[in-house]
Amino acid sequence: MTIAEVCKRCGVTADTLRYYERVGLIPPVGRTRGGIRDYTETDVNWITFIRCMRSAGLQVSALVRYVALFRKGDASLPARKAILVQQRALLAKRLENLRDVLGRLDAKIANYEERCAVWERKHLRK
């Protein structure tokens with residue numbers, strides 16, 4: 001697959017794909033004889049995985065470590081799992097914090113509407 005096809009399929013820019021490869025977020029992509037990137041389904045799966053993890057807030061450095069360990073083979077399974085477990089714990093904490101913020105916003109909105117209505121009745125009625 002060409003970079004343009006992968007961009008369209010995955011919803012990313014060519015610059016993003018090159019960045020992913022350059023920093024090690026995805027394994028090196030194969031090349032044609034002419035040196036043009038030639039993406040496979042496996043590459044697309046990596047891109048999808050990385051985008052999912054990044055959208056969940058996982059750190060680039062953790063994902064780079066994960067990919068590097070993956071390239072070392074099955075001997076790195078425990079270390080890879082440890083990264084995922086650690087990132088899950090961080091994500092769970094962020095989710096807890098977001099739920100707290102959401103609750104505060106809901107209360108603020110409900111309170112705001114009550115106060116706004118009171119103010120309008122007091123100041124806008126003639």
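**How the helices pack: questions and answers**

Author: In this predicted model, the axes of helix H1 (residues 3-10) and helix H3 (residues 41-55) come within 11 Å and cross at roughly 40°.

Reader: Why are H1 and H3 called oblique to each other?

Author: Angles under 35 degrees count as roughly parallel and 65 to 115 as roughly perpendicular. The crossing of H1 and H3 is roughly 40°, so the two helices are oblique to each other.

Reader: Which residues make the contact between H1 and H3?

Author: H1 brings Val6, Arg9 and Cys10, while H3 brings Glu41, Val44, Ile47, Thr48 and Arg51. Sorted by class, this contact has four nonpolar, one polar and three charged residues. As for handedness, H1 passes H3 in a right-handed crossing.

Reader: Thanks! What makes H3 and H4 roughly antiparallel?

Author: Their packing angle is about 150°, and their axes lie 10 Å apart. Angles over 145 degrees count as roughly antiparallel, so H3 is roughly antiparallel to H4. Here too there is a handedness to note: H3 passes H4 in a right-handed crossing.

Reader: Which residues of H3 and H4 make that contact, and how do they divide by class?

Author: From H3 come Trp46, Phe49, Ile50, Met53 and Arg54, and from H4 come Val60, Leu63, Tyr66, Val67 and Phe70. They divide into nine nonpolar, no polar and one charged.

Reader: Now for H5. How do you know what span to expect from its 48 residues?

Author: The expected span is 1.5 Å times one less than the number of residues. For H5 (residues 77-124), that expectation is 70 Å, and the helix reaches 67 Å from its first C-alpha to its last, which is close to the expected value.

Reader: Which residues of H5 are buried, and what covers them?

Author: The buried residues of H5 are Arg80, Ile83 and Gln87. Residues count as buried at under 20% relative accessible area. What covers these buried residues includes helix H4 (60-70).

Reader: And why is Gly103 called partly exposed?

Author: Gly103 sits in helix H5. Buried means under 20% and exposed means over 50%, with partly exposed in between. Gly103 has 38% relative accessibility, so it counts as partly exposed.

Reader: How many residues apart along the chain are Gly103 and Leu17, and what separates their C-alpha atoms?

Author: Gly103 and Leu17 are 86 residues apart along the chain, and their C-alpha atoms are separated by 37 Å.

Technical notes:
Residues numbered from 1 in each chain as written. Predicted model: local features only at pLDDT ≥ 70, side-chain atom pairs only at ≥ 80, totals over all residues. Heavy atoms only, no water. Axes fitted to C-alpha atoms, helices over the stretch in contact; angles between N-to-C directions. Helix = DSSP H or I, 4+ residues; strand = E, 2+ residues; numbered from the N terminus. Left-handed = near helix turned anticlockwise from the far one by under 90°. Contact = heavy atoms within 4.5 Å. Nonpolar A, V, L, I, M, F, W, Y, C, P; charged D, E, K, R; others polar. Buried < 20%, exposed > 50% of the residue type's maximum accessible area, 1.4 Å probe, protein only.
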